[in-house]
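Here are my comments on the model you sent.

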Amino acid sequence: MSSYQFNKEQFKQEVCANVKNLFRKTISEATPKQVFQAVSYAVKDVIIDEWIATHKEYEKQDVKTLYYMSMEFLMGRALGNNIINIRSRDGIREALDELGFDLNVIEDQERDPALGNGGLGRLAACFLDSLATLGYPAYGCGIRYKYGMFKQKIQDGYQIEAPDDWLRDGYPFEIRRDEYAFEVKFGGYVRTEWRDGRNHFIQDGYQSVRAVPYDMPIVGYGNNVVNTLMIWDAEPINTFNLDSFDKGDYRNAVEQENLAKNIVEVLYPNDNHYAGKELRLKQQYFFISASVQRAIKKFKSLHDDIHMLPEKVVFQMNDTHPTVAVPELMRILLDEEGLEWDDAWDITTRTCAYTNHTIMAEALEKWPLELFSRLLPRIYQIVEEINRRFVEQIRRTYPGDENKVRSMAIIYDGQVKMAHLAIAGSFSVNGVAELHTEILKKKVLKDFYEMTPEKFNNKTNGITQRRFLLHGNELLANWVTDKIGDEWITDLPHIKKLAIYADDEKCQQEFMNIKYQNKIRLAKYIKEHNGIDVDPRSIFDVQVKRLHEYKRQLLNILHVMYLYNQLKDNPEMDMVPRTFIFGAKAAAGYKIAKLTIKLINSVADVINNDKSIKGKIKVVFIEDYRVSNAEWIFAAADVSEQISTASKEASGTGNMKFMLNGALTLGTMDGANVEIVEEVGKENAFIFGMSSDEVINYETNGGYNPMDIFNNDQDIRRVLMQLINGYYAPNNTELFRDLYNSLLNTLSTSKADTYFNLKDFRSYAEAQKRVDAAYRDEKWWAKAAIMNVACSGKFTSDRTIQQYVDDIWHLDKVTVDMDE
Ligand code: GL9
């Protein structure tokens, strides 16, 4: 296999030519933003050849293809990643130097494509990187939202949302594929027609949009493989015409145009939360119908027998959001291919597979029948029939047990339950970490597991080391390669070889020095963006993730308040200086989450400006946490806060990124933390808090009474009182009342502190003390940090993808040779 040979002079020429053609400028007149565009097009030029070659090869070998269907792909910036994956970073850096530009500055011009909320969307992006790097034929299928995840501004301590107009300057890496446009129909009614010995179902009086895919290249690492992410844009079906005006159909024509405009307008900014919005269901059917149509068309261009579909195509549904793929595939097989129900169902259930990403009840999608049937009349008929047959199956399996029907039916209580539909329509149902999958099997999806245990399996999440170490932390990446060679880039378990250096004092010093350099880089970023001075010699204690009550940013900041009280009482208290760093977006309508951001910023204001504590504590809230600044944050972290209420965080993936960058986990036994500790050893992490069994036990028995803690623990009581006595809000003592009430609702104990903040507080504070003590022993810390890097091999998404391939997808590896 030969891979792309970089030619510096040719590359420079191409960049200059691009600057000229795009902007009518010479290179010396060009702005960094313009150079970013010019470089991107030059890189794309290389990629395109490999992209074409890859798809020729796929066709030639008639490969089985994965369609990874996801409402979200949180890609992050493409340029730096693509440069790394075509293995030309040094060459391009040199070329740009010679042209008078710094590659880092050029990369920094790119807006983050932020077509995702958090973990679920970023996981999809890591999966695409691994699929291409391992050489597996795959498409990502998603939506080209005009506005991605909102930009977060902090004003006066409050979160302000600003639109993310990521396409404003044009996006160099996408290609509009008009030839693959499809029609998607909404509303109207279904009539039947008897023809050729069978019923035909015809949707009439509908509104439709034209779905047009934009393809983005997904570049494998050094292997010439380029896969495709197709994201769908919506256009009016035919431009506004006098025709409909004449027919008095003017209103319908306007509505149809508006439908196209609205459908891809914006990503819903909810994390782990179902809002039940009609437009959201439209988005789901829109991109699924288009993607399924494209997949079937492609399949049929190479095969005559539709029964072969499961051998050549697999649909992986990323959470329940794409579940309409099940009835949509059924619709195509029944109505367009003319198959019988049993035949169609057999094909569908051998093509679709489902990943569950959460046990949070408020995240479950349940569409009201009225809405669902009005918007998708034909799809609804099919879902009804799927449900009828599924309920029959339940009754056959459990005669006389109507409770099973109640708990498992797809249509129940006037709702379509998407998780039930996804399970019934799939041959595989997987959780995303061992603990999570066990909870699914034993609790949340117990009845389904008992009826069809063979469907259930675990695929512990992973992350791509190419973005989160090779790109994000160049110093550490180079150090690792110096020590053990570069196999870790495509085979992360090799990183285990670092373990022999963990005890070596010189290596420990080198490691700590790299961490220090990364902390300086982040400190500069913080100074620039927040105006706060932080000491890179302090412990960088970091919690970055979406803001959610179950993730317990509140526990973290309550502990900071507690520590500050101690320091005020005893200014000479011996503690290692600590910088508490937060980064988090709150869903725009999530009040308690937004108030928590305000609290963090208010606490930061008081503490950062209190000279009496001599800078022993600093609190920083990093604005607009996103993939690009995340890469720097992981690289600089000493402590990784993974403190969710046990059982609530399905996996977490930030935890893995921190570990890979040598931060020590301070966490609960939740999600993938359990497996991280298994790999690195309990002695190299700081574990605290209730177990998931304990949490679930309390929950089944009606919660606990936080008043007992409030009444008996003076330190906690003092912290809580500071929420309502104006200590952090002198002008408005009521400001944080809702947070106080969420912890101590005196009217109803069962609704108080649902996430066990107070119950876990002492255990957390004690773990934090262990962190302080441990950091004083620099050798111990360096060793533990190196061990974290060395033991991170399991958490590459390459491993996750290989397991999906072996157990679920059954794809064959393809090699692409560019010499031919
Ligand atoms: C999530 C879980 O909450 C995470 O624990 C998990 O790591 C990821 C990926 O499997 O999935 N489920 C979920 O709905 N989100 C997750 O992050 N939220 C979004 O990103 C929308």
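**Notes on the sheet and the ligand site**

1. Strands β13, β15 and β14, in that order, form an open three-stranded sheet with antiparallel pairing. The edge positions belong to β13 (366–368) and β14 (411–412), each with a single partner strand, so one side of each has no neighbour in the sheet. Strands here are DSSP runs (E, at least two residues) numbered from the N terminus, and two strands pair if DSSP finds at least two bridges between them.

2. This is a predicted model, in which local features need pLDDT of at least 70 and side-chain atom pairs count only at pLDDT 80 or more, while totals for chains, interfaces and linings use all residues. Residues are numbered from 1 along each chain as its sequence is written, and side-chain values use heavy atoms, with hydrogens and water left out.

3. β14 and β15 (residues 415–417) run antiparallel and are joined by two bridges. Q415 in β15 is the bridge partner of Y412.

4. The ligand has 16 residues around it, and D271, H357, N461, E649 and G652 come nearest; a residue counts if one of its heavy atoms lies within 4 Å. By class, five are nonpolar, eight polar (Gly is counted here) and three charged. Domain 2 (63–77 + 112–382) and domain 3 (465–794) each supply at least three residues of this shell, with bounds from an automatic or database domain assignment.

5. Backbone N or O atoms of L120 and S651 each lie 3.1 Å from an oxygen atom of the ligand. For G119, a polar backbone atom is 3.3 Å from a ligand oxygen. The protein covers 96% of the 450 Å² of accessible area that the ligand has on its own (Shrake-Rupley method, 1.4 Å probe).

Conventions:
Helices (H or I, at least four residues) and strands (E, at least two) are DSSP runs, numbered from the N terminus. A polar contact is a pair of N or O atoms within 3.5 Å; within protein, one must be able to donate a hydrogen and the other to accept it, and residues adjacent in sequence count only if both atoms are side-chain atoms.
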